[in-house]
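Here are my notes on the model, point by point. Please read them with the structure open.

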Amino acid sequence: MSYAPEGQQHQPYRPEGQNPQPPYGDQYGRPYGQQPHGRSPYAEQYGEQYGEPYGGQSQPYGQQPQGQWEQEQPEPPRRRSRGRRWLIAGVSVLALAGIAAGVMAYYEIPPFTDKGSAVSFGHDGAGKGSGQGGAGTQQPANSKMLMPTGPAADFKNSMTLADGTHVAVTTLDGKKSGFKGKVWVWAPKEYNDPKYAKSGFPVMIALPGGAGYPSNYWMGTDLGLQTSISKWYAEGKSKPFLLAMPVLNPGPDDKGVYWDGSDIPGQPKMGTWLTEDVPDLMKANFRTVKSRDGWAFMGSSTGGFAGMKAVLKHPDKFKAVIASGPDIVPDSSLWKGHDKEKAENNPELLAKQLIDTKGPDVYIAFQVGDNESNKKTLPDVQKFVATFGNKGPVHTSLRVIPGGQHNAKTYVPNMGEGPIEYISKVMEGPVE
């Protein structure tokens, strides 16, 4: 079916008032206008009541009153009303706007995303940020909670989770390490619960493997670390940890170079960055736990090594770590010529020293896949556990993941099968 403009159904063109005429004469052989007695020819066939034109005597063809033919024909299709056309146009515009908004949100284009907007984790009641408000707030001397010390960092939203919590990012100028880099942070929904308004929360510093630069893959919600912590807390397995997710290295490892999360002579002080500057950022902006009982690490691969080494080297500051598929000894090429400093960052030597000095208790929850890409990973961890585990202050647990590979997607769900509960039982928080 073809259509005329503006939706009208196509009709053959007829000049105004004209209609097709039958051939001259009728079936009875009489010319038009000569029917007997003015009767319609149909009267002879059907009787007078059917032959008589409606409303009066029949008029011969060609002598009908002007306009009578048009009145007896069906009306042609009407044009769509202007209102209907406007309605269709409006719906189309709204549909296109919805598609555009979805595309802009997907590609994180303001104003259809809150990415990049300011995020404050403050609870000072004045909107000044937790650091500024907390610095002058009085608290009992015997409180286990540390109010934010300030100054407040400039946090920008990186992503918003389904429960309304935010992963935010800031650029931290490390005062103690001299290194400047990004740190992502996240607070569970309980942190904003009025029930915990006067409580300090435990902190977990989450370190990635691989380059660990220019981003930290734990900040991405695709791995589910944040939602898993909330889930595990609801199940009674985990503490409601605050997360700090800093860059691990000062640059990419495109040449196979990494820094072992350590202060290697002549290099950026990444050990100080992880154990001093990042904790100071969390203390400045969040209600935390005063003692080491509220401070832990977690990490995979090189990040697992760096976290384990940090706990063993600074047991006065940190109490526990979840080390997934970690290296056991430092192996960066940057250690060349610095054997003394390398030994000071060797977890095996640090564990022995801690045992010998009867230092503070530390807790290391290992998890390793039995299908790791580095076939030495599991035997090396098993050797460490056999040599140092559960001797004096060094407490260890080991979860071997059946079929587990050397990746974060393997490690996150398996943290809930033992490791997160293992360290949570010995940590504190929320505390007042």
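1. How do the side chains of Lys352 and Asp356 meet? They form a salt bridge, at 2.9 Å from N to O. The term means a side-chain nitrogen of Lys or Arg within 4 Å of a carboxyl oxygen of Asp or Glu. Both residues lie in helix α10 (residues 347-356), four residues apart, about one turn of the helix. Helices (H or I, at least four residues) and strands (E, at least two) are DSSP runs, numbered from the N terminus.

2. A word on the basis. This is a predicted model; local features need pLDDT of at least 70, side-chain atom pairs count only at pLDDT 80 or more, and totals for chains, interfaces and linings use all residues. Residues are numbered from 1 along each chain as its sequence is written, and side-chain values use heavy atoms, leaving out hydrogens and water.

3. The structure holds eleven salt bridges. One of them joins Asp280 to Lys176, with the closest N and O atoms 3.1 Å apart. Asp280 sits in helix α7 (residues 270-285) and Lys176 in the loop between β4 and β5 (180-186), so the pair links distant parts of the chain, 104 residues apart.

4. Lys176 and Asp280 also belong to a salt-bridge network with Glu276 and Lys317.

5. Ten strands form an open sheet with mixed pairing, in the order β1-β3-β4-β5-β7-β6-β9-β10-β11-β12. Strands pair if DSSP finds at least two bridges between them. β1 (118-119) and β12 (394-401) stand at the edges, each with a single partner strand, so one side of each lacks a neighbour in the sheet.
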